[in-house]
Amino acid sequence: MKLRLLLALLSALVLLFLGAGLILGHWFEERLETELDERIDARSSAIAGLLENDPEGLEFDFNPAAMPEYTRIVDPSFFELRRDGEVLHRSPNLDRLGAGLDLLLEEGDDDFEVAGFALRGQRRDLELHQVQRDEDEPEMEPIDLVVLVASDRAALDRSLARFRRGLIVALLVLVALVVLVTTLSIRFGLSPLRELNDKLRDLDHESLGQELELRQEVTEIRPLVATLNELFRRLKSAYDREREMTGNVAHELRTPIAELKLATELARDWPEDVELRDAALSTATQVSVRMERLVGALLRLARLEEGRAPMRLETVPLDDLVVRVVDEVRRQDQGREIELAVHAPDLIATDIELLSLALRNLLVNAVAHASGPGAIVVETETGAGQALISVSNPFPGAAALISEGKLEVAFWRGDAARSGDDHEGLGLAICSQVMKGLGGELRFSAVAGRFVAELRFST
Amino acid sequence: MRLLVIEDSKSLRFSLERGLGRLGYAVDLAEEGSSGLKLANCEPYDLIILDRMLPGMDGLEILTELRSRGSIVPVLLLTARDSVDDRVEGLQAGADDYLIKPFAFTELCARIDALLRRRTGELRTVIRTGRLEIDTRARQVQYASRRVELRAREYSLLLFLARRCGEIIPRIEIEDHLYGRDNFPMSNAVPVAISTLRAKLAEAGGTELIHTHRGLGYRLEGEPES
């Protein structure tokens with residue numbers, strides 16, 4: 001990111017600087033050339049002013065001492081007076097420079113195309129003005145005189161070159177400064193992110209519960225840190241639940257495996273003991289049934305939690321579904337009376353198998369944990385697009401149980417020993433997930449010494 | 001030796017009673033905490049095998065209650081919880097040993113033997129008194145290097161006497177340690193068992209080893225090897 005930012009900045013800067021440099025250079029060059037032109041104009045006028053045409057002839061009152069620029073070699077100016085192509089006068093420095101000086105002129109009509117002049121064979125550019133003097137005074141003959149004034153533009157060119165070099169140096173310095181400043185800015189600006197990165201790198205599942213705190217308080221990063229902390233809290237909670245679930249699964253598996261292991265070891269060590277052998281076989285059967293149930297329940301719960309449980313919506317009268325499930329449970333356990341108070345013959349659209357599973361789990365739970373006199377009561381109700389199935393059973397400690405908030409936790413059972421081979425402690429957890437999948441919810445309440453579980457969903 | 005097993009799993013209860021019974025232990029059973037605690041307080045057990053997770057009163061509560069009443073009976077805790085915290089908690093509550101389910105029966109027996117040896121102050125697995133040698137690990141008895149074949153109950157009886165070699169042990173005490181609550185012995189069970197034991201030891205050349213002190217009890221001749 002740093003490199004990209006840097007490249008973008010540098011590209012923009014170079015383009016800007018080049019553009020500005022070009023404009024400035026062009027302006028500077030024009031200015032210098034204009035100055036040179038003006039200077040030459042002035043000199044042309046001055047030279048022309050030295051001409052006097054009187055009846056005795058043309059007089060040219062040139063004083064080299066007064067105009068040193070026409071004598072020097074450094075930063076010189078040149079002039080020539082020509083008439084009809086013949087050079088009448090020329091500046092002293094032209095004479096000093098000697099043969100080889102040639103004004104490269106293309107003469108045509110009265111205009112001269114100035115190409116330059118050669119100085120000792122080296123072509124030099126120059127600025128040359130033509131002053132054509134054509135005086136028309138009645139007492140004088142008109143003359144046709146060309147005054148050529150030239151100024152060496154080497155100085156101008158040197159100035160331009162110095163200017164351009166200066167621009168390049170300035171550009172390089174600016175680029176270096178920009179790189180330095182940008183790098184430092186990015187480094188400084190990103191240091192809270194680097195600190196955050198270092199802290200995140202050191203995180204593991206054990207430290208998920210610790211809040212991230214940065215040494216530097218940066219307003220822009222604060223929301224990110226808050227979001228990360230919230231994410232880690234959720235991750236820790238999920239990790240703790242998973243760890244608890246894993247521990248619970250291990251515990252659930254260990255006891256039946258211990259039973260099986262001990263029974264089979266004894267049957268192996270004392271093969272003559274028929275009772276031990278029979279007990280081992282019986283235990284093996286029971287344990288395998290329990291394991292199958294447990295594994296099936298775990299898989300079902302996992303699929304429900306992942307949202308992978310296949311759902312198939314069908315329409316069914318709610319009461320018919322409830323009556324069917326209640327009859328099934330009654331056949332399996334006739335110990336506790338189950339009363340039906342169904343008032344919802346309406347058709348509902350639901351996954352019949354999953355809703356039946358949820359209701360069955362509630363009923364099995366009620367049968368297992370009903371305590372005290374009274375029947376288990378199943379009620380139904382529909383209205384305003386919503387349906388309700390409630391299962392209640394006598395249970396004096398219902399309020400305290402509900403307040404623990406663990407009823408839907410996998411493997412939670414009424415007794416901490418998780419005694420009993422008849423259920424795995426996953427019934428309510430599965431029920432809760434089923435209802436979430438159906439777009440409904442599972443609710444608990446305590447009413448007059450009774451534990452009430454409700455399945456609520458839209459029809 | 002008399003053991004109390006407090007375990008809510010019916011299968012484990014049956015297996016433990018059967019397996020340990022075959023090894024000569026008298027085993028009493030309790031399927032939940034409060035009845036187990038009652039038994040532990042009333043009967044003289046040599047060791048208690050206690051499941052940690054019990055309905056109602058859990059194993060640690062029972063243990064704490066036992067220790068608070070001054071009981072020093074060795075307790076071996078059985079549990080499916082294997083975390084360090086759980087083990088530490090169990091040992092700090094007063095357990096003498098901690099065995100994780102599932103476990104091998106042989107390991108359970110070895111731990112029971114170790115706890116019982118510790119209880120009687122034994123340092124070695126072989127008890128020697130005179131020419132009588134009892135290998136508690138192999139559960140074998142020899143007299144003057146001749147093998148003595150004993151049944152489980154006979155072995156337990158001899159071991160009980162040998163561990164308190166030289167002491168006169170009342171019959172009632174022998175009954176308490178050799179028979180469980182559900183196997184209450186007939187009034188002559190101990191004399192018959194002593195008689196059978198004497199006969200088998202005599203076959204190997206060990207006569208006059210067990211003495212009867214009328215009205216007081218029984219005593220195994222000799223001093224334990226130090």
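Is B:Ala40 buried or exposed, and at what relative accessibility?

1. B:Ala40 counts as buried, because its relative accessibility is 13%; here buried means under 20% relative accessible area, exposed over 50%, and partly exposed in between, with a 1.4 Å probe and protein chains only. The residue B:Ala40 sits in helix α2 (residues 33-42) of chain B, where helices (H or I, at least four residues) and strands (E, at least two) are DSSP runs numbered from the N terminus. Leaving aside residues up to four places away in sequence, B:Ala40 touches B:Leu4, B:Tyr45, B:Ile48 and B:Leu66, contact meaning heavy atoms within 4.5 Å. B:Ala40 and B:Val73 are 33 residues apart in sequence, and their C-alpha atoms are 9.0 Å apart in space.

2. On the basis of this note: the model is predicted, so local features need pLDDT of at least 70 and side-chain atom pairs count only at pLDDT 80 or more, whereas totals for chains, interfaces and linings use all residues. Residues are numbered from 1 along each chain as its sequence is written, chains are lettered from A and ligands numbered from 1 in the order in which they are written, and side-chain values use heavy atoms, with hydrogens and water left out.

3. The interface between the chains. Chain B and chain A bury about 2100 Å² between them, 63% of it on carbon and sulfur atoms; buried area is the accessible area (1.4 Å probe) that two parts lose on being put together, summed over both. Chain B contributes 24 residues to the contact and chain A 21 residues. Between the two chains there are 9 residue pairs in polar contact, both residues at pLDDT 80 or more. A polar contact is a pair of N or O atoms within 3.5 Å; within protein, one must be able to donate a hydrogen and the other to accept it, and residues adjacent in sequence count only if both atoms are side-chain atoms. On the side of chain B that touches chain A, the elements giving two or more residues are α1 (10-22) and α5 (105-120) of chain B. The most comes from α1(B), with 8 residues.

4. Salt bridges across the interface. The count between chain B and chain A is 4 salt bridges, a salt bridge being a side-chain nitrogen of Lys or Arg within 4 Å of a carboxyl oxygen of Asp or Glu. In one of them, B:Arg22 pairs with A:Glu272, with the closest N and O atoms 3.1 Å apart. A network of salt bridges links A:Glu272, A:Asp273, A:Glu275, B:Arg18 and B:Arg22.

5. Salt bridges within the chains. Over all chains the count comes to 36 salt bridges. A:Arg290 and A:Glu259 meet at 3.2 Å, N to O. This pair links distant parts of the chain, A:Arg290 in helix α5 and A:Glu259 in helix α4 of chain A, 31 residues apart. Both A:Arg290 and A:Glu259 are buried. In chain B, the side chains of B:Arg67 and B:Asp96 form a salt bridge at 2.9 Å, N to O. B:Arg67 is partly exposed, with a relative accessible area of 23%, and B:Asp96 is partly exposed at 31%.

6. Helix α9 (residues 427-437) of chain A is largely enclosed by the rest of the structure, because 8 of its 11 residues are buried. Among the buried residues of α9(A) are A:Leu428, A:Ile430, A:Val434 and A:Met435. Their cover includes α5 (274-306), α7 (352-369), β15 and β16 of chain A. A:Gly439, which follows α9(A), has a positive phi near 80 degrees.

7. Aromatic pairs. The whole structure holds 8 aromatic pairs over all chains. A:Phe60 and A:Phe62 form a stacked pair, 5.9 Å centre to centre with 5 degrees between the planes. Rings of Phe, Tyr and Trp (its six-membered ring) pair if their centres lie within 6.5 Å; planes under 30 degrees apart count as stacked, over 60 as edge-to-face and the rest as tilted. A:Phe60 and A:Phe62 are both buried, and together with A:Tyr70 and A:Phe79 they form one aromatic cluster.

8. Backbone geometry to inspect. The peptide bond from B:Lys101 to B:Pro102 is cis, with omega near -5 degrees. B:Pro102 lies in the loop between β5 (97-100) and α5 of chain B. A:Ala384, although not a glycine, has a positive phi of about 55 degrees; A:Ala384 is exposed, at 83% relative accessibility.
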